[in-house]
Structures are given as structure tokens and as C-alpha cells.
Amino acid sequence: MVLGRTGKSETWFTEYQTDSLSLGLRIHSVLQSKTTGFQELLVVETETYGRLLALDGAVQTTARDEYVYHEMITHVPLFMLDAPKKVAVIGGGDGGAIREILKHPTVEEAHLVEIDAEVVDTARQYFPEISVALGDPRAHVHYADGIEWVKNARDLDVIIVDSTDPVGAAQGLFQAQFYQTIAGALTQDGILVAQSESPFLHQDLIRQMRDGMRTAFSEVRLYCAAIPTYPSGFWSFLMASNHPTAPSARTMGTNIETRYWTPDLQTAAFVLPRFVEELMA
Ligand code: AG3
């Protein structure tokens with residue numbers, strides 16, 4: 001470890017977010033660096049955001065901002081339903097989405113469908129606060145390709161696509177065909193939510209996902225959240241269903257513990273800046 005003039009580590013983790021934009025974080029140590037059968041997996045201790053998990057060089061989660069993403073990708077769809085029972089997460093091997101889903105007392109089964117078992121092992125070892133609920137009896141971990149798993153799934157109330165960026169194996173998770181398969185795995189009132197990258201940097205992708213979802217669902221809505229360690233810090237999620245969605249009556253009286261999501265945000269997250277609104281037009 002090289003110490004600079006300030007006495008601080010001069011080792012940095014850098015994500016090259018585009019070919020002309022990067023995010024750099026000063027790190028104290030490298031805890032794990034390996035090539036799995038699927039990707040490059042890295043765990044580092046950063047000064048500003050605590051422990052960080054990167055896959056193929058892209059930040060997936062950090063100890064200090066993970067709650068924003070995990071709360072917003074789960075509570076927003078779950079609170080649109082009176083009594084969600086069966087939920088699946090495609091990807092999301094760190095377990096953060098499962099932790100949030102299991103805060104809903106009506107949930108009986110939360111399925112995690114992760115292609116790379118080493119991500120789950122790493123989360124269990126290095127991110128105990130994120131993976132904490134994977135041992136819950138209602139949590140079911142499947143090491144499988146999400147596209148194949150969904151083909152045989154039925155009667156899910158919510159399916160959450162907690163994917164990496166649309167490169168390599170994850171590409172299929174952004175396609176119309178996958179959304180059609182998801183529609184067949186959901187109940188009539190079921191809801192799909194997929195992370196849809198940054199409205200500043202990934203507008204073509206958001207439009208492609210929107211159009212893909214519209215081939216299988218009558219309602220497609222976008223909502224946003226501030227995630228400091230993701231490209232541009234401003235992130236989006238697409239929600240699709242075959243009925244108009246509105247916050248369930250249980251939203252306002254909930255005693256679910258959160259740090260980002262609030263009952264008011266359940267509605268407010270869908271209020272979009274003009275340029276993002278235009279993306280959905
Ligand atoms: N999955 C979304 C990560 C996308 C971030 N992209 C990037 N850093 N280029 C996060 C998994 C968390 N459960």
C-alpha cells in the first residue's frame with residue numbers, strides 16, 4: 001500500500017463508467033479479488049462508502065448507500081399490493097433485496113435467482129448486514145439463469161430484476177422476450193420492477209426497456225432514486241403491470257423500518273424531472 005503525503009492510502013478503486021467518465025474511491029484494502037465462472041469479483045474497503053462490491057469493474061453495492069437501491073427496488077412494488085405473498089428477485093446475489101422484501105409480513109416466499117453462487121458466498125462472508133436475510137426460512141436461493149427459471153415460475157406477486165449492467169450474460173434481462181416470460185409468471189395483479197440505469201447516461205436503454213415492457217404490459221411507469229456510487233448518482237427503475245397501480249392502504253400506516261423509502265416517496269418517486277418525463281412519452 002502506497003501512502004501519500006497526507007498519510008492516506010494512495011490506492012484507489014476506479015470504475016470507468018463510460019469511455020470518458022469515471023468514479024474514483026480511495027481504498028484502505030482489497031478483501032477479495034477473483035475470477036468466477038461468470039465475472040470478475042472484487043471486494044474493497046473504501047474510505048467514503050465503506051465496503052464495496054464490484055462485478056466486472058462496475059460498483060454493485062456499498063455498505064453506506066446500499067439501502068437506497070434495495071429499499072426502492074422492493075418497497076415501491078410491494079406497497080402497491082395489499083398482501084404480496086410470493087416474490088422473486090432475478091440477480092441480486094448480495095441478498096439486499098431479499099432483506100427488504102422479508103420486512104413485509106405477508107410475504108411467504110422470497111426467491112433469489114442468482115446465476116453466480118460466488119456472489120452469494122462473497123456477500124455472506126463480507127456483507128453480513130446485506131445478506132442477513134438469506135438464512136430466513138422464507139428465503140429460497142436458486143443458482144440458475146434467471147431467464148430459464150422464470151419460464152417455469154407461476155403465481156408470483158412481484159418479480160424484481162436486480163441485474164448488473166446490460167453486458168454479457170445480463171443482456172437478455174433487458175429484452176422484450178424476457179418481459180413476456182415474466183408476464184406469464186406473474187399473477188393477474190402482479191408487478192415487474194427492473195433497475196433501469198441512469199436517466200442522464202442511459203436514455204436509449206431506458207427507451208428500449210420501456211418499449212420491451214409495453215409488449216407484455218399495459219402500464220409501464222418510471223421512478224427514480226439518488227444513488228451516489230452509481231453512474232451519475234441518479235438512478236431509475238421501470239415498473240410494469242397489467243392494471244393501474246396505486247399505493248395500497250397499508251402504505252401510510254406501515255411500521256416497516258427504512259432509511260430512504262417513506263410513505264410519501266411511494267408516490268413522490270414517480271414525479272419526474274421534465275427530461276425524464278419526456279423519456280417516457
Ligand atoms: N445492480 C445494479 C448495478 C448497476 C450499477 N452499474 C454500474 N455501477 N455501472 C446492483 C445489485 C445490488 N443488489
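Predicted model: local features only at pLDDT ≥ 70, side-chain atom pairs only at ≥ 80, totals over all residues.
Q: Which geometry class does the ring pair of Tyr69 and Tyr230 fall into?
A: A search of the whole structure finds 9 aromatic pairs. In the pair of Tyr69 and Tyr230, the ring centres are 5.5 Å apart and the planes stand at 75 degrees. Planes over 60 degrees apart count as edge-to-face. The pair is therefore edge-to-face.

Q: How many residues apart in sequence are the parts that Tyr69 and Phe237 tie together?
A: Phe237 is buried, like Tyr69. Their ring centres lie 5.7 Å apart with planes at 50 degrees, so this pair is tilted. Tyr69 sits in helix 1 and Phe237 in strand 12, so the pair joins parts separated in sequence by 168 residues.

Q: Where is the kink in helix 1 centred?
A: Helix 1 covers residues 66–78 and reaches 18 Å from first to last C-alpha, close to the 18 Å expected. 13 of its 13 residues are buried, so the rest of the structure largely encloses helix 1. The helix still has a kink of about 25 degrees, centred on Met72.

Q: What share of the ligand's exposed area does the protein bury?
A: 14 residues surround the ligand, with Glu15 and His70 among the closest. A polar side-chain atom of Glu15 lies 2.7 Å from a ligand nitrogen. For an N or O atom in the His70 side chain, the distance to a ligand nitrogen is 2.8 Å. Taken alone the ligand exposes 400 Å², and the protein buries 98% of that.

How values were computed
Residues numbered from 1 in each chain as written. Heavy atoms only, no water. Helix = DSSP H or I, 4+ residues; strand = E, 2+ residues; numbered from the N terminus. Expected span 1.5 Å × (residues − 1). Bend = angle between axes of the 7 residues up to and from the residue. Buried < 20%, exposed > 50% of the residue type's maximum accessible area, 1.4 Å probe, protein only. Near = heavy atom within 4 Å. Polar contact = N/O pair within 3.5 Å; in protein donor to acceptor, adjacent residues only side chain to side chain. Areas by Shrake-Rupley, 256 points an atom, 1.4 Å probe, with all protein chains shown as cover. Phe/Tyr/Trp six-rings, centres within 6.5 Å; stacked < 30°, edge-to-face > 60°.
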